[in-house]
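Below are some notes for a colleague who is looking over this model. Please read them beside the structure.

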Amino acid sequence: MDTYEEVRSIGLGNFGVTRLMRNRDTGELVAVKTIPRGNHRINKSAYREIINQRSSTTAILTHTHLAIVIEYASGGELFDRIVDLERFSEDEARYFFQQLTWGVSYCHHMSSMLHSRPKSAVGTPAYIAPEILNLQEYDGKVS
Ligand SMILES: Nc1ncnc2c1ncn2[C@@H]1O[C@H](COP(=O)(O)OP(=O)(O)OP(=O)(O)O)[C@@H](O)[C@H]1O
């Protein structure tokens, strides 16, 4: 983790904290999601996160945490944007819907999974497929 310096905290999820961090060597901004390991083991929540984010660039294991380095999405929350505007124009809704369907298509292409809501695209238990919670193999085509 010495490679990165913290810029600020971005948000709190169900499993850990996400921070905006800067690569000391390249200056690149990244989002780093840290998840407590609990008794120094990768627990089930950490395992689920790894499955969800396995296309991430880097995962770092410290004594206490699993840190997942992911691309920093600087545009803010879609959910907040919807709330701020109260409603989208058709053009704006079409634009974001295309982005979402492209994202879902990409996840399927990567044999990954996505069960989420506009606020985020990872990990909330209520949106996770039962197979994932049971640590069984997930087949998006069957689901
Ligand atoms: N790659 C990212 N770029 C920018 N902000 C991010 C990024 N990943 C997460 N965030 C911010 O950090 C917050 C917490 O993210 P996190 O993924 O931990 O939780 P979540 O997606 O809200 O919920 P869950 O714990 O169910 O996954 C998000 O709501 C978002 O605001």
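1. UniProt, in an unreviewed entry, lists Lys33 under "binding site"; such positions follow the numbering used here, feature names are shortened, and annotations may be inferred rather than shown by experiment. The model is a predicted one, in which local features need pLDDT of at least 70 and side-chain atom pairs count only at pLDDT 80 or more, while totals for chains, interfaces and linings use all residues. Residues are numbered from 1 along each chain as its sequence is written, and side-chain values use heavy atoms, with hydrogens and water left out.

2. Lys33 lies in strand E3 (strands are DSSP runs of at least two residues, numbered from the N terminus). Lys33 has a relative accessible area of 11% and is therefore buried (under 20% relative accessible area, with a 1.4 Å probe and protein chains only).

3. The largest nonpolar core has 7 residues: Tyr4, Met21, Val30, Val32, Ile60, Ala67 and Val69 (a set of buried Ala, Val, Leu, Ile, Met, Phe, Trp, Tyr and Cys residues joined through side-chain atoms within 4.5 Å). Two or more residues of this core come from each of E3 and strand E5 (65–71).

4. Leaving out residues up to four places away in sequence, Met21 touches, among others, Met1, Tyr4, Val7, Val30 and Val32 (contact means heavy atoms within 4.5 Å).

5. Arg24 sits in the loop between strand E2 (17–23) and strand E3 (29–36). Beyond its neighbours within four places in sequence, Arg24 is in contact with Asp2, Thr3, Tyr4 and Glu5, and a polar atom of the Arg24 side chain lies 3.4 Å from the backbone oxygen of Tyr4.

Notes. Helices (H or I, at least four residues) and strands (E, at least two) are DSSP runs, numbered from the N terminus. A polar contact is a pair of N or O atoms within 3.5 Å; within protein, one must be able to donate a hydrogen and the other to accept it, and residues adjacent in sequence count only if both atoms are side-chain atoms. Buried means under 20% relative accessible area, exposed over 50%, partly exposed in between (1.4 Å probe, protein chains only).
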